[in-house]
Amino acid sequence: MRALRRLMRDRALVTGTVIVSALVLAAIFATPLANFPSHVTGFDPAFRLKPPGEVFWLGTDRMGADLYSRLLFGARLTILISVTATLVAVLIGVPMGLIAGYFDRWYSDLLMRISDVFLAVPQIVLAIAIAQTLGPAIQNVILALSATYWPFWARIVYAETRSLRNEVFIEAAIAMGASPLRVMVLHVLPSIASSIIVRTTIGMGATILAAASLGFLGLGAPPPTPEWGRMIAESREFLPQAWWYATAPGIAILLVVMGFNLLGDGLRDAIDPRIRRGS
Amino acid sequence: MRLLALALRRFLWMPPTLLGLTLIVFSVSHVIPSDPARVLAGENAPQEQVEALRRKYGLDKPLPQQFVRYVTDVVSGNMGVSLYTQRPVATDLVERLPATFELALFAITLAVLIGLPLGVVSALYRNTWLDHGVRLVTIAGLAMAAFWLAILLQLLFSMQWNLTPVQGRIDGWGPDPITGFYTVDALIRGDIETFLTSLRYLFLPMITLAIPAMATIVRFTRAGVLNVMNSNFVFYQAAMGLPRRVVIWKYILRAALIGTLTQIGLVFGNLLAGAVVVETVFSWPGLGTYAYNSILQSDYNAIMGFTLFTGSVFIGMNLLVDIAQAVLDPRGR
Amino acid sequence: MSQSFGSFGRRGALAGGTALSLFGASAEAAGRTRYITANNNPYDILDPHQVFDIGRIAIRLNMYDALVRWVDNPPKLEMWLAEKVDISADGLVYTFTLRPGVKFHDGSPLTADDVVYSMERILGIKKGAYGLFADVVKPGTTKAVDPRTVRFTLNKPFAVFQAVLSELWVVNAKVVKSHEKDGDWGAEWLTRNEAGSGGYRLRRFDPAIGFQAERFEGHFMPFGKGAVDDADFRVSMETATRVLGMIKGEFTTTDGYMPAEQVQRMKESGNVWFKEAESIRTFYFIMNHAKAPMNDVNLRRAISCMFDYEGFNNNILGGTVVRNPGIIPNPMWGAPKDLKGYSYDIDKAKWYLAQVKEKLRTIQIGAMAGYPQSEQAAQMLQAGAAKAGLDIKVVAEPYTTIAPKLDDPERAHDLVPLWRSAYFADPHNWTGFLFNSKNFKSGNASFYKNPRIDELTDAALVITDQEKRRPLYEEVSRILVEDAVGLFVNNTKFYGPYGKGVKSVRFCPIGDTQDLRWIEMNT
């Protein structure tokens, strides 16, 4: 029974790792892997909307560009957006959560109330509003996502820090005269790192989904950027004939997000077996 | 007593939170390099006409002044006029509300009806092929882009098999509103045909919204049931010689369901968020499309009205969840 | 039922007084003809003086009348509410005699006072078509000589005055005045209600759904056999929905500018027939002359040689458009028949590029998000420019963001691909309006200033004889191409889809076939 559970758990971890590595490899080796590396910006209007076949493995788009090649280059963009946006969110959220959780002053409550304000409305609505304000561009998508997603990290770090504060080893460190910064960075942070890593991995999936939604709504990178969400939006005008046009990028998103979620689940079990598995 | 204090505290925090929210959305929407007066005036309008509109809507005032004016107006019950529909924002919101709520309620009902049993079965038959299958579905359900799922469903159900409409809420004009829920209104009138038509329109957006919600419910239920099953308490009951069936039905399910029930509020909140994108794909005339269109049109008052409204619903929902949790499961506090 | 209307205010308006809840069912039972239009633009404002666009033109064409009206292709201006017009020799005073016996939908007679009020209202609320009149008609100068005679006194000659009068929609002054609130000219009320005399009168309106109208039997112009009885205008944004609705027969018609694939799909279904016509709607790239190096004619010429016209018009758009070398649409008078535009020629582009004196930089295209053709054209130009060695960046922004920038030379994009539709069928619509330097910040989004163009377009507005104006506009067209003022791509073809119930339609570029009175149904 235990072995079986372990296997299941590891299977999630393995599948997640495989998918995420595949994404990274696709992004790195997009140029040699692509059949038509020039189709990031180039195209051939004579071959517009061709179904999948020998030359165009996943068919072509409305301009006559190879979808398979564009998906590969889209992987780069996906990684760029999700990693940067998540990183920025972590850099805002974690310090805020640490400070608010470690100290018990007026600003602790204030900081958490500020994060509550951001959580009081659907993240996607705020992100849409910010992205629309700043104009459609990759860096604005990143900004919109990190500005709306940081409270998740603030919350989790806050809760964990709070529960740690009365632990013996923390109190001991304080008694030894360690400065608050030292305690936070050297004692608290390592203890909650696993939660942050798990949360970040799953957060990557959420960021990819949100970025794709922004792209789909026309608030992401402009054409001809091979952004997956945008590609799905473009396809709508040609449905149902050009079914491949909508299907291929959607499957890419599905797989990648699934990969990050599985990886997150797997990591959580591997790092911290005390937390019972959700599914 | 603690419960009351908690509720009161949460309640008191609501106005400042909403004020903060207003400030954020106000700042975001007002630094827009876009110019609603220009848009409103139309593409052939001369400059002077644009200026006149700007004055009319107070868009020429300094931003802090505009903000103070907006907040005072809202406090006195006036959410302003939508620049685009030229009607009071409150009227617009009230008019759009039933469409979104009808959709959300149908979706959550479906999600619960399928998600709860699946979660329980998945836990009871842990690590069988059934459990694995269910888990695969939930993992995929949470990883799917809602807009893509929507398009996929349209592609299959509407365009390929011709079973459901591609988008919209009803053939042209719905029944005259009693509750604003087309299905309910049709039933009240005994109009079976309209009832069935509105169900057909509801079908695809409902499924699109229900799938991620269902996946969440399955996860929570499964975890909850497993949790109870592994607890000493159940072990003790079983040791007391109670039949497994009784233990399952009486203790495990009860405890698990209570846990899940408290999650439904949060799931419902997420559902409203998902509605923004899903409604846009299905042209569902609810709050989601309203929000999306107002953002595109830089319709300040409408954006803020929507945000305030959803913010209140969200906070209220969280409050209810907390209370429910405290009432149903005192150990959790 | 009345309670339910009131409590939620859900149905914005129920005009005409007779409240029939099951419009569709009862209408069909009575054997009435029904015509359902699926529109890709929301009908949010019913007021004919607040909007001036093509997307919502069905409201104005069907529920309101003007003194004159455009019909057929090429468009002819016909007397409509007016019977005749006298124009003073200096071209300043226009005296119209109204048709006798015209009635508003509430049964009251339409008089010269209503025309006067409508003109004052346009000048007062300063929206919609205001820009057409603002320069030449001052408030208080329009007079009702007697109930059937109205006199406009212009402050300068304006050759297209009659042509733009097609946008002076006459509203029922008494009704609108009774709904005025704080000097708003009844704008709030008329946004959701109707007070016209047109061939159809409003039954029902919901900005999220559209509007319904029924034939107005009291209209002065008799309806033909098989005329539409009940009209339903619905908003349906998604192309696939409109196509499917056409194939299934749920819609009678929809927009006539679909992608070639969808036109093909509807044709193959056998349930839809098409009316084809060359419209007057040119697709072009606005160029912003205010910012270097776009002020350099050789760069503009180079760019004009970087666009694959063939590939775009014939492959991407599947031949649903016609190459239009200049700004004035080919079928319109004033477009020179022998005008030779630019063609796709990378070598020539490189040659022109070498002549550019200004310092080159990355050129930016502001494509209209949500308008695939605008985005595709931007990509097309970008790819061509890359081959010729010019760096072009594309940003896609909603029209609402692009539009205000068009007023500001500093913020405006270097290139914006968009359409110029026909608001009135006169070459001025595509020339003076767009390129006369007086129209900076209103029509001239290119910030192009050429004294010769100003002179020609001004002169053409003072003369009233079309044959004398023609050579002026032809010269304007040639200069615009010579100077590569914009990148002129194509003229749109109209492929109007109709359900089997429709027998014949009458196309006019102003409003396509949305003027329902010309539709004949099979009975």
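**A colleague's note on the predicted model**

1. Let's start with the fold of chain C. Of the contacts in chain C between residues at least 6 apart in sequence, 71% link residues at least 24 apart. Please keep in mind as you read that this is a predicted model.

2. How does the radius of gyration of chain C agree with that of a compact globule? For 523 residues such a globule would come out near 24 Å, and chain C has 24 Å, so the two agree. Buried residues account for 57% of the 523 residues in chain C.

3. Now to the pairing of chains A and B. Here 48 residues of chain B are in contact with 41 residues of chain A. On the chain B side, the elements giving two or more residues are α1 (2–30), α6 (129–143), α7 (146–160), α9 (192–230), α11 (244–282), α12 (287–296) and α13 (300–328) of chain B. The largest share, nine residues, comes from α1(B). By type, the residues on this side of chain B divide into 34 nonpolar, 11 polar and three charged.

4. A word on confidence in chain A, where pLDDT averages 88 and 94% of the residues score at least 70. Helix α3 (residues 67–102) of chain A has the highest confidence, at a mean of 95, while helix α1 (residues 2–28) of chain A has the lowest, at 82.

5. One stretch to read with care: over residues 275–279 of chain A, pLDDT stays under 50. For these residues the model has 14 contacts beyond four places in sequence.

Terms used
Residues numbered from 1 in each chain as written. Chains lettered and ligands numbered in written order. Predicted model: local features only at pLDDT ≥ 70, side-chain atom pairs only at ≥ 80, totals over all residues. Rg over C-alpha atoms; globule rule 2.2 N^0.38 Å. Buried ≥ 20, exposed ≤ 12 C-beta atoms within 10 Å, placed from the backbone. Contact = placed C-beta atoms within 7 Å. Helix = DSSP H or I, 4+ residues; strand = E, 2+ residues; numbered from the N terminus. Nonpolar A, V, L, I, M, F, W, Y, C, P; charged D, E, K, R; others polar. pLDDT = per-residue confidence, 0-100.
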